[in-house]
Amino acid sequence: MANPTKPDKQVITTCAYCGVGCGFKAETHQGRIVRMIPWKEGKANHGHSCIKGRFAFDYYQSNDRITTPMIRASIDDAWTPVSWEKAIQHAASELRRVQAKYGTKSVGAISSSRCTNEEIFLVQKFARAVLGNNNIDNCARICHSPTQFGLSATVGWGAASQHFDSILQADVIMIVGANPTEGHPVFGSLMKRRLRQGAKLIVIDPRRTESVNSPHIKADVHLNLRPGTNVAVLDSIAHVIIREKLYNEEFVRSRCEWDEFERWAAFVSSERYAPESIGPQAGLSPELIRQAARLYASGPNSAIYYGLGVTEHSQGSTGVMCLGNLTLSCGMLGREGVGVNPLRGQGNVQGGSCLGSWPHVFSGYRFVTDDEVRASFEKDWGVTLDAEPGLRLPNMFDAAIAGNFRGMFIMGEDPVQSDPNQGHIIQAMRQMECVVIQDLFLNETAKYAHVFLPGSSSLEKDGTFTSAERRVNRVRKVVEPLAGYQDWEIVVLLMNAMGYPAQYADAGEILNEVARLSPAYKGISFELLDRIGSAQWPCDENAPEGTEVLHRKTFPRANGRGTFMLTEYVPTAERTNDTFPLLLTTGRILTQYNVGTQTRRTENNRWHAEDVLEICEHDASVRGIKDGDRVRIASRFGSTELRAKYSERVSGGVVYTTFHHAETRINVVTSDLSDWATNCPEYKVTAVEVVKVEIGSSAKKAKKKKRDEVVTA
Amino acid sequence: MSQSVAHPEETTSARAVPLERLIVMANQIADFFSPYPGPRRAEGIRNHLRTYWDPRMRQDLIDHIAAGGDGVSPSIVEGAQLLTTGDDRKGYYGPPKA
């Protein structure tokens, strides 16, 4: 047997797991990947990696990988394998049939942050130019859509202000609703390096995460607030900053809209945001809120990093605005070591956001309602485009139930597993007459699909990803696509089959189109990236090799100034009561990735073979639950079962679990409440009750779980 | 128990989003803009509905308001009014304009 440690080929590419965007040298032997070596020249990772990027690559050749196109007339039928030609023709004619019967707007498309910029751009073009409507959304809807909204409103661009290395200049690091050592491990290590050098740390999180207390980390201030009180606490921090005059007046006067600042300052200085009044609501001592405010404002360089603990709330967008307000008021923007930075979950969520996979904006966050912008796309694409915003992902499901949405093209997403209130989603999926899924595996959503197009993993394609630091990295084909086509090639086939002539010799030509139509990507091309490795947008004639730090002189707003939004705290409608007295919050763990489609199919599964419910010993013991017991967790929406684990990380009244395993079906439990601005689901707050499952009934349920149906409460 | 495939009552309407949910969404928007003074509040709401809502959602809201607007916040009524009177379509980010 050949020695697999002696590769015959090496390809430099980018990891598709979290938004850090680590560079890897993928080594192959006889056409199969044998190992992934972290690349020393990678500008995000500098030769580091985590155990997902390093080891969890084998999913691409998992036994259950689908490599043949399949169709079926009804979701109750078995799949019939067919040729590519037949599958594409069938998908095209079915989508057109649905549109003829129910109207142009009765179908839509979903793209995925696991796909490349080129593919995401092409799917939105498919929706707008071929389907003829703006029903296009992407998975950022359910994670960082509030980031785009909240940061655009205050600092002008919905993206990280800094590059990752900037943290090495930070004196105070504030982590809000994120756990970098688990979710963004390579960045987490960089943060630890700075903490070892003496930087101070503020953590705002209901859980005592690794970021609060673990080797090399000890938070100076931990605000373990009650889930759902982010906005109240952030406004209270602002209250202290204004009342104690800790803000940077010079920065605000020279760089921001002073009138809006004054209005905001008067608003947050109201007594209702005093720590004495917010503390009790959030379960915090007022003194702790004051300490956090003073430490953040003291800098001299303070940097905010935040995650889905900010965005996935009914006030997610407001929470992001609070962070924008804070950074502007203290002058923590425009240089290294400061900033406001979303930690993006998937490899290409930033790219998904940038490249117009939204129902209301084209690439570069420019509104579809803007005649001038729309005209530039119409000219390039040779078609008339819809001037009205389309349906957002949750609205597509609503519309399906209401009877006006009957077809979907879904590339690389699994909404049935990943979206909230699973019973509602399944009810909607059952209404569809044509669902086309392009994926590696028969995922949960494929159970409700009519056409399956076997896609390619990021190891099998060319293109680019944009990481959380706005860095556009090259994705290079390491092995041949197992099913024959790269994902963008399949979309091109479908576009042509539906009567829109599309021709690209390679993914680089799609990137050229992106650059032509998106100001921030103007200077980006395969040639540039192959020459200098990677580039952070904006990249244009003023910054031919990209931009590390945003907002140095002006903000990307019409008058060049940052601004302040009034951020009233509105408690979520999801409340605990006698029936559901605990609050469930969800998150993820180091070894697994999101819904686990990839990592569960690798040896990484050994580290986290099931999702467990973290519960504090007191809450467990009053319910007669012992460590390791099987429990049933129920909300107003549904219930599911998993094992309980005593944990000191959660406070009394709060329980926590991960969502990596489909069998857990935790999204049967999560609520259908969503962010006021973007409909981003409120995953982080659901009122629940937890009861011990008797052994007999557990076995019965375990058997039942194998079925395709959702078990409702 | 299996999930049933019950159709809600509105199967035959032209609705994109069930009315009850639409009202919840609208009132959440009203809550956000509540700290702004009257004209800015209304303009903020108009801009949001115009820029982010599918036209069918907007029309359903306008129709519901015309039919009495049961359950809809007064500031949404003011904001929705501007949808029918103004023709400024271009959206913007940032604080509502005066």
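In the predicted model described here, the side chains of A:Asp398 and B:Arg21 meet in a salt bridge with an N to O distance of 2.7 Å, a salt bridge being a side-chain nitrogen of Lys or Arg within 4 Å of a carboxyl oxygen of Asp or Glu. Because A:Asp398 lies in helix α16 of chain A and B:Arg21 in helix α1 (residues 19–33) of chain B, the pair joins two chains; helices (H or I, at least four residues) and strands (E, at least two) are DSSP runs, numbered from the N terminus. Residues are numbered from 1 along each chain as its sequence is written, chains are lettered from A and ligands numbered from 1 in the order in which they are written, and side-chain values use heavy atoms, with hydrogens and water left out. As the model is predicted, local features need pLDDT of at least 70 and side-chain atom pairs count only at pLDDT 80 or more, whereas totals for chains, interfaces and linings use all residues.

Over all chains the structure holds 51 salt bridges, and the count between chain A and chain B is five. Another salt bridge links A:Glu388 with B:Arg50, whose closest N and O atoms are 3.2 Å apart. On the side of chain A that touches chain B, at least two residues each come from α4 (145–154), α9 (258–268), α13 (316–329), α15 (371–381), α16 (393–402) and α18 (422–429), and α16(A) gives the most, with six residues. By class, this side of chain A has 22 nonpolar, 18 polar and 18 charged residues, where Ala, Val, Leu, Ile, Met, Phe, Trp, Tyr, Cys and Pro count as nonpolar, Asp, Glu, Lys and Arg as charged, and the others, Gly among them, as polar.

In total, 58 residues of chain A are in contact with 43 residues of chain B, contact meaning heavy atoms within 4.5 Å. The area buried between the chains, that is, the accessible area (1.4 Å probe) that two parts lose on being put together, summed over both, is about 4300 Å², of which carbon and sulfur atoms give 52%. Of the area that chain A buries against chain B, A:Phe367, A:Leu566 and A:Trp676 supply 15%, more than any other three residues.

Grid points are joined across faces, edges and corners, and a volume is the space filled by probe spheres set on the points. The largest pocket holds about 1000 Å³ of space and is lined by 40 residues, of which A:Trp157, A:Arg366, A:Pro556, A:Arg557 and B:Tyr93 lie nearest its centre. Its lining draws two or more residues from each of β16 (366–367), α15 and α20 (507–517) of chain A, with α15(A) giving the most, three residues.

Two cis peptide bonds may be described in the backbone of chain A: one joins A:Gly299 and A:Pro300, with omega about -5°, and another joins A:Trp537 and A:Pro538, with omega about 0°.

Methods:
1 Å grid on protein atoms, 1.4 Å probe; cavity = no way out; pocket = protein on both sides within 12 Å on 5 of 7 lines; lining within 4 Å.
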